[in-house]
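Please keep the structure open beside you as you read.

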Amino acid sequence: MIGNDWDQKLEIIWNSPGFQKFYKMIIAEYDKKIIYPPKDYIFNALKLTSYKDTKVVIVGQDPYHGENQAHGLSFSVQKGVKLPPSLQNIYKELESDLGIPPKSDGDLTGWAKQGVLMLNAVLTVEKDKAASHRNLGWEPMTDYIIKLLNKKDEPVVFILWGNFAKEKAKLIKNPKHYIIISPHPSPLSAYSGFFGSKPFSKTNDFLVKNRIPPIDWSL
């Protein structure tokens, strides 16, 4: 389904009757309603960032539910789409932290290709209905992905923005890894500790310290 080492890592999920039944139900929804992201992009985060190459994880809640926004990467939107407020604030913090000016688009594929797994906990959503696919069946799979990454011998940075993502910290027990927790970048909470949290420089400092190539956040 993915085309890299995630296929083998997630074989137990793919082959489970419960997931197969759930996934068929989700695919059937595409024929009845407008569901995001497009079918080909549901597993985009895993396709772009293999298990072996993952060195940073940014956990999101569920895909953007507006037209043409979601393309399978947490917080990212397709080129040509207006930047959502949360992503605008991510870019503001990036500029404050590392002096990198905001890009003209919100496509974070460049991060994903460098080993930043842009993972939403829920991988699909109905148009204009935030969190509409929450608790349907995605969470066991995405929690399992985090548990697999927790088992990696190589150090990984987990960036958890907001209370929902913070809940995933309990799945990360390996002391080799580094967890960065702050409020969500949404306008409702960005001024409560997201701004000034310096997640990008902290991530790169940790990677360099562990002799792992840092992320070029300008891409």
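## Strands β5 and β6

Strands β5 (residues 157-161) and β6 (residues 178-182) pair in the parallel sense over five bridges. Strands here are DSSP runs of E with at least two residues, helices are runs of H or I with at least four residues, and both are numbered from the N terminus. Two strands count as paired if DSSP finds at least two bridges between them. In this pairing, W161 stands opposite S182 in β6.

This is a predicted model, in which local features need pLDDT of at least 70 and side-chain atom pairs count only at pLDDT 80 or more, while totals for chains, interfaces and linings use all residues. Residues are numbered from 1 along each chain as its sequence is written, and side-chain values use heavy atoms, with hydrogens and water left out.

## Both faces of β5

How many of the five residues of β5 are buried? Five of the five are, so β5 is largely enclosed by the rest of the structure. Buried means under 20% relative accessible area, exposed means over 50%, and partly exposed lies in between (1.4 Å probe, protein chains only). In a regular strand the side chains alternate between the two faces of the sheet. Here V157, I159 and W161 lie on one side of β5, F158 and L160 on the other, and both faces are covered.

## From β5 through β2 to β3

β5 also pairs with β2, in the parallel sense and over four bridges. In that pairing V57 stands opposite F158. Strand β2 (residues 56-60) is in turn joined to β3 by five bridges, and these two strands run parallel. There, V59 stands opposite L119.

Strand β3 (residues 116-120) has five of its five residues buried, so it is largely enclosed by the rest of the structure. V116, M118 and N120 point one way from β3, while L117 and L119 point the other way.

## S74 in its loop

Where is S74? It sits in the loop between β2 and α5. At 0% relative accessibility, S74 counts as buried. Leaving aside residues up to four places away in sequence, S74 touches I58, G60, L108, M118, L119 and N120; contact means heavy atoms within 4.5 Å. The C-alpha atoms of S74 and D62 are separated by 7.5 Å, with the two residues 12 apart along the chain.

## Helix α9 and its cover

In helix α9 (residues 199-209), the buried residues are P199, F200, S201, T203, N204, F206 and L207. What covers them? The cover includes the strands β2, β5 and β6, together with the helices α5 (85-98) and α6 (109-112). After α9 comes R211, whose phi is positive, near 60°.

## The whole protein

The protein has nine helices and six strands. Its radius of gyration is 17 Å, close to the 17 Å that the globule rule gives for 219 residues, so the protein is as compact as a globular protein of that length. The radius is taken over C-alpha atoms, and the rule is 2.2 Å times the number of residues to the power 0.38. Along the principal axes, the C-alpha trace spans about 45 × 40 × 30 Å.

Buried residues make up 54% of the 219 residues. Of the contacts with a separation of 6 or more, 65% come from residues 24 or more positions apart.
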